[in-house]
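The following exercises concern a predicted model. Please work through each task before reading its solution.

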Amino acid sequence: MEAIHCKLIQLERQLEQRDKDLVLITRQLNMKLQAGKKHPEEDHQCLYGVTTNVRNIMEEEVKRMSDSLYLLNREQPNGKELQENRQELIQVQVSENMLISGGAVFGIKRMGQLDESPFRATCNLKYRDSDPEDKAARLVSYWQVKIQKPSWRPFVTIQVKEEDQEVIDDNDPKLSKLRSRYGDSVCNAVKDALKELNEYSPDKRCIMNEVWNFREGRKATMTEVITCILEQLVAADPGLRGHEFKVPTQKISNSI
């Protein structure tokens, strides 16, 4: 929606400038005609061509603006439908127990689930001679339960662009103790999982599935996911290349 707004402003400015150019050309032509000055046929053809071209461009830009406004007006009602399609895609991927991309560029990320790697790395150094794997597993299990308790809220509210936003309180006693005992990497893993839980399930603190772009470390867009799926279909069956893919309307809406 923000991109559409910017595009509309840009188009309005372009139309305003082209309208001024067209008015100037028309005035110059009228002044010369009123002065009774004769001009070669080539000049008239040139002026007519410029005027026609500007008019065509203006009509094309007006159509584009109308299309943009149409998309803008559809954005809000389609948002719910798009989210439903996204959740359906997540459920399909989880039920199939597969990644969307074989290279793990796109896949299902468990939002709010602790990353065990920092725990294992730290315990391998700290408890090298006393079963570090077991220590790491116990530590992960303990903190996974801890962060999913709604009663523990290590957050503070700050102002960001005149809006209230909750952020992790780095001075929280439990987090400070965890950092001093196991280091920044383990503490940061707990903080990251807490942020995800607070974003996706702030009341119940439940782990949620999300379609994720692992390469860029962000939520994947539906366009990226669908493009990736179609590319895999073509790779699996090269005969599909160049064919039109028709998506059933009852499964995935045209808003995608």
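**Exercise 1.** Determine whether Asp170 is buried, partly exposed or exposed, and identify the salt bridge that joins Asp170 to Lys191.

*Solution.* Step 1. The relative accessibility of Asp170 is 39%. Buried means under 20% and exposed means over 50%, so Asp170 counts as partly exposed.

Step 1. The side chain of Asp170 forms a salt bridge with that of Lys191, with an N to O distance of 2.7 Å. This pair links distant parts of the chain: Lys191 belongs to helix H6, Asp170 to the loop between S3 and helix H5 (173-182), and 21 residues separate them.

Step 2. Lys191, at 12% relative accessibility, counts as buried.

Step 3. A network of salt bridges links Asp170 and Lys191 with Arg179 and Asp184.

**Exercise 2.** State how many salt bridges the model contains, then explain what the bridge between Lys109 and Glu196 ties together.

*Solution.* Step 1. A salt bridge requires a side-chain nitrogen of Lys or Arg within 4 Å of a carboxyl oxygen of Asp or Glu. By this rule there are 8 salt bridges.

Step 1. In one of them, the side chains of Lys109 and Glu196 meet at 3.0 Å, N to O. Lys109 is part of strand S1 (residues 106-111) and Glu196 of helix H6 (residues 184-200), so the bridge ties together parts that lie 87 residues apart in sequence.

Step 2. Glu196 has a relative accessibility of 13% and therefore counts as buried.

**Exercise 3.** Locate the two partners of the salt bridge between Arg153 and Glu166, and classify the exposure of Arg153 and of Glu166.

*Solution.* Step 1. The side chains of Arg153 and Glu166 meet at an N to O distance of 2.9 Å. Arg153 is found in the loop between helix H4 (132-147) and strand S2 (155-160), while Glu166 is in strand S3 (residues 163-168); the two are 13 residues apart.

Step 1. Arg153 has a relative accessibility of 36% and counts as partly exposed. Glu166 is also partly exposed, its relative accessible area being 38%.

**Exercise 4.** Describe the order of the sheet that contains S1, and explain which strands have one side left without a neighbour.

*Solution.* Step 1. The open sheet consists of 3 strands in the order S1-S4-S5, with antiparallel pairing. S1 and strand S5 (218-219) stand at the edges with a single partner strand each, so one side of each has no neighbour in the sheet.

Step 1. The antiparallel pairing of S1 with strand S4 (residues 208-213) extends over 6 bridges. Arg110 has Asn209 in S4 as its bridge partner.

How values were computed
Residues numbered from 1 in each chain as written. Predicted model: local features only at pLDDT ≥ 70, side-chain atom pairs only at ≥ 80, totals over all residues. Heavy atoms only, no water. Helix = DSSP H or I, 4+ residues; strand = E, 2+ residues; numbered from the N terminus. Buried < 20%, exposed > 50% of the residue type's maximum accessible area, 1.4 Å probe, protein only. Pairing = 2+ DSSP bridges.
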